[in-house]
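Biologist: I'd like to walk through this one with you, a question at a time. Can we have it on screen?

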Amino acid sequence: MRGKPALVLRVPSETRFLVLIRDVAERMAESAGFDETTAGKVALAVDEATTNVIEHAYHGASGKLVEVRIEDRGPELSIDVIDTGAMVDPRSLPRVDLTRYASERRKGGLGVHLMEKIMDSVTFRRTARRNVCRLVKRKAARG
Amino acid sequence: MGDLVVEARDFEDIRLLYPRGFINAHTVRVFEGELQRTLKDGRFKIVVNCSGLSYIASAGLGAIMGSIEEIRQNGGDLRLSSLNETVRNIFEILGFNHLYRIFPTESEAIESFLSGGASL
């Protein structure tokens, strides 16, 4: 089954736009057939991926661009969050251990953990000076 | 900014916080600021009433995690009440429901402090 054309958002690297990205992602997930609860979780994963870009790839600098590409591929919803900032490999981060998290006074690392719990697949790759975080949610495995 | 406001009230020695809006990387400073103000005031028994909270991202959960040790070391606890389904889902996904006491209503959370219930 062929997917529908992708929706592409290009927004400045500022946290005030997170709510806009979240709203669009949620509506696209609902439009792709996910229930309200799952669509909300997918939107949160997109929020987290975009936050990572702003805070880590761009180190909080505004005036850069974040591209969010949302595509209903039929059996799955695929969302790419793309930046041209520093390469960040979240796989290199220590795994979140919630029992130790508080005592270590850590504040980061929860976002990737959350993304992995919500989505069926979370991948990071670097191509032509762009970082691409791909989030995939399969329609057959909802929840 | 209308994205998040946090009201604070005291009931006996318990600080009640009412975040209204959403907590993400943009608004977390507002929430974190109110938590820090609470600790500075020497209030370590805290109830966060989430009835006005539409959603919370990891930034907000990090703010809670970042202050919980100080709160518990001072004999207090941070307890949550009145979570909507979205917020409860996020807490459960991360296993926060095993780290924090969560109550259906604010009055039950307050009662848990008054009756001397321990933290998790």
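Biologist: Leaving aside its neighbours within four places in sequence, which residues is A:V46 in contact with?

Modeller: Quick note: this is a predicted model, where local features need pLDDT of at least 70, side-chain atom pairs count only at pLDDT 80 or more, and totals for chains, interfaces and linings use all residues. Residues are numbered from 1 along each chain as its sequence is written, while chains are lettered from A and ligands numbered from 1 in the order in which they are written. Two residues are in contact if their C-beta atoms, placed from the backbone, lie within 7 Å. By that test, the partners of A:V46 are A:I21, A:R22, A:A25, A:V68, A:I79, A:V81 and A:L135.

Biologist: In what order do the five strands of the open sheet in chain A run?

Modeller: Strands pair if DSSP finds at least two bridges between them, and here the pairing is antiparallel. β1 (7-12) and β4 (121-127) of chain A are the edge strands, each pairing on one side only. Six bridges join β1(A) to β2 (residues 65-72) of chain A, and A:L7 has A:I70 as its bridge partner. The order is β1-β2-β3-β5-β4.

Biologist: What angle does the direction of α1 make with that of β1(A)?

Modeller: Axes are lines fitted to C-alpha atoms, for helices over the stretch in contact, and angles run from 0 to 180 degrees between N-to-C directions. Helix α1 (residues 18-31) of chain A packs on the sheet, touching β1, β2 and β3 (76-83). With the direction of β1(A), that of α1 makes about 170°.

Biologist: Is A:H59 buried or exposed?

Modeller: A:H59 sits in the loop between α2 and β2 of chain A. Its phi is near 50°, a positive value in a residue other than glycine, though most residues other than glycine have a negative phi. Because A:H59 has 12 C-beta neighbours inside 10 Å, it counts as exposed.

Biologist: Now chain B: what is its radius of gyration?

Modeller: Chain B has four helices and six strands, in the pattern β-β-α-β-β-α-β-α-β-α. The radius is taken over C-alpha atoms, and the globule rule is 2.2 Å times the number of residues to the power 0.38. That rule gives 14 Å for 120 residues, so chain B is as compact as a globular protein of that length, with a radius of gyration of 13 Å.

Biologist: Which element gives the largest share of the side of chain B that touches chain A?

Modeller: On that side, 22 residues of chain B are in contact with 25 of chain A. The elements giving two or more residues are α2 (58-73) and α3 (85-94) of chain B. Eight residues, the largest share, come from α2(B).

Key: Buried ≥ 20, exposed ≤ 12 C-beta atoms within 10 Å, placed from the backbone.
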